[in-house]
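Hi everyone, thanks for coming.

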Amino acid sequence: MSKSKNIKRQDYGLFRVATAIPTVKVADVEYNLKQHIQLLHEAHDEGVQLLVFPELSLTGYTCADLFHHRPLLDAAVQAIMHLAEAARGIDMAVIVGAPLTHCNRLYNCAVLLGDGQVIGIVPKIYLPNYNEFYESRWFASGTEIKPGSRISLGELGGTSYNNINFGPNYLFDFEGVTVGIEICEDLWVPMPPSSRMALAGANVIVNLSCSDEVLGKHAYLRRMIEAQSGRLVCAYVYASAGFGESSTDLVFAGKGMIAENGSIVAESERFKLEPSLKIADVDIEKLMVLRRTQTTFTQMIQQPEETTFYSEFRRIMEPTQNGYATIGLTKLTTPDFEKKLYRTVVPTPFVPAEGEDMEARCSEIFNIQVHGLVTRLSHINCRTAVIGISGGLDSTLALLVTVRAFDKLGWDRKRIIGITMPGFGTSGRTYNNSIGLMESLGITSQEISIKDSVNQHFKDLDVDSSVHDVTYENCQARERTQILMDMSNKTGGIVIGTGDLSELALGWCTYNGDHMSMYAVNVSIPKTLVKYLVKWVALSSVDQRSKEILLDIFDTPISPELIPTDEQGNIAQKTEDLVGPYELHDFFLYHSFRFGASPKKIYFLARKAYDGIYDNATILKWLRTFFRRFFQQQFKRSCLPDGPKVGTVSISPRGDWRMPSDACASLWLKECDEISIK
């Protein structure tokens, strides 16, 4: 690859790939070559680093017995060299399909080329012999090729295309991106070659295919590609032939699919009559983090030799035993991801995306919470559940979960004791909503004011109640927790925790106050999802009165209500004014915790996700706050009560997050300081 154009840009761990589906004319190699060159240049203009064409794309897949004819095979060889020449000076790897002969055998091949070179050739291994596909009539399996084989194509314009690496056991390395190649049927077998490639280091798998359209097949293939990319923790780039292939017995609609770790991230339109290019920026850095954290990924390599299956599988992968050789290429030019990103960055990663089955997703989340609480309640056989009801989002969701759990157990809702504890900052809106919700849901409702007891506490501690500092606030939070704990003792029950994941990540809770409970149902539910779930319950499964209250709670500003209200009795203390927008913090938490993303990468992604919503200075300000608070407040997470894990992000000290309370944030904060606001 050309080094002269290798401009220094921030890659953020991303790699730009594309599927190219040309229109073809069966056996008209000259026409097909022109289509390839056109798509090649279009892809280069978009900064594509790896371009994948379909199976046998230079000749057409449906040539049948014409594959035995010398003119077609010679034209295919010439087309490969011409395409390589067309790619000279272009920093892009191109993989194209063509038939090639070697040692009196014909192979269905994927050819990797770039910058005027043919880097390597990988033959298809598994040849279908069913329905209309009888590939072994024309082609041999790549398993017949001896290790270390080379193939020669000839010369073109003084450039030699000879002594090219040829075989099924090659991976191709682009400085951190390792590409493995399989062809069509290879994916459908019980143990696809890509499985071995991934364990040998490939993080991008490409598949050159020519898959016909049969009712229901596309949906199955789509699921299979998603599953393989998830199983291998890789990017999977699938290009299948389209318009122009013979329709004698089959129809080919042109499928371009790019998957990443179990999800399709880009997909071309089928049944198009024109050539198509589908581009996506896949996150290689994320994939490598997931591979390192999912320790079972490499366990197959470490199985004992006594196990026949695994010992044989190890020998295939061992580099010293004819395993996958790695061919080095010069690093490809990094696209300008700042200018254009071929990747959807969701601003609310914890919330079900548009187009998903909302009912199913929300129901699953809610039922995980409910089932965890049902298990705990039935195990300890308690008489009551005690919850502090503030009229805010968190306590509302905890109450809804508890009500559903009691209904599931067949217990009387009156055994749920909801206590509203008005204090110095309680607004009329939240007070009325707390009382109204408890009544509409039919639980036992109690009101215990904390004002007198907290004032007595201030007097005992010689605290000036006119100074609204952290002592003023935390005395109230701890008094409420004491009431709940003592009431649970009195009634033979447990205290249901209301705090959510976002508050725990920021440490926005009072140690041994709202921080503590006997079972915390919201412990892995971030604030953005709490809001979503409350609204979902309101619109799906409650009576009209409860619905009205829940929707008003949904619209109420988030506040701990520990500072006195304004003169009109409205909430004066708004959490997001103090610690920042929860949607930003949830975004930071997701990418930092789930994928180990650096502050610079998170800042880049946040700017893409919140373009037009938050300016760069605001994003950077709260990003720094997030990392500072996340490290400072770890001690609160080190002693969390039990609670159900719901999603892939959980910070229980007994499970997903092990971090010393004395860890320093200096590296992360330093990187935040190095970010320039553009």
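Let's begin with a word we'll need: contact means heavy atoms within 4.5 Å. This is a predicted model, where local features need pLDDT of at least 70 and side-chain atom pairs count only at pLDDT 80 or more, while totals for chains, interfaces and linings use all residues. Residues are numbered from 1 along each chain as its sequence is written, and side-chain values use heavy atoms, leaving out hydrogens and water.

Helices here are DSSP runs of H or I with at least four residues, strands are E runs of at least two, and both are numbered from the N terminus. On the α9 side, R429, N433, G436, L437, S440 and L441 meet R545, S546, I549, L550, D552, I553 and D555 of α14. The residues of this contact divide into five nonpolar, four polar and four charged. Nonpolar covers Ala, Val, Leu, Ile, Met, Phe, Trp, Tyr, Cys and Pro; charged covers Asp, Glu, Lys and Arg; the others, Gly among them, are polar.

How do the axes of α9 and α14 cross? They come within 9 Å and cross at roughly 150°; axes are lines fitted to C-alpha atoms, for helices over the stretch in contact, with angles from 0 to 180 degrees between N-to-C directions. The two helices are therefore roughly antiparallel, the word for angles over 145 degrees.

Now the second largest pocket: on a 1 Å grid over the protein atoms alone, a pocket is an open set of points where a 1.4 Å probe fits, with protein on both sides within 12 Å along at least five of seven lines, and lining residues have an atom within 4 Å of a point. Its lining has 49 residues, with S390, E503, D514, S559 and P560 nearest the centre. Helix α11 gives the largest share, seven residues. By class, the lining has 20 nonpolar, 20 polar and nine charged residues.

Terms used:
Parallel < 35°, antiparallel > 145°, perpendicular 65-115°, else oblique.
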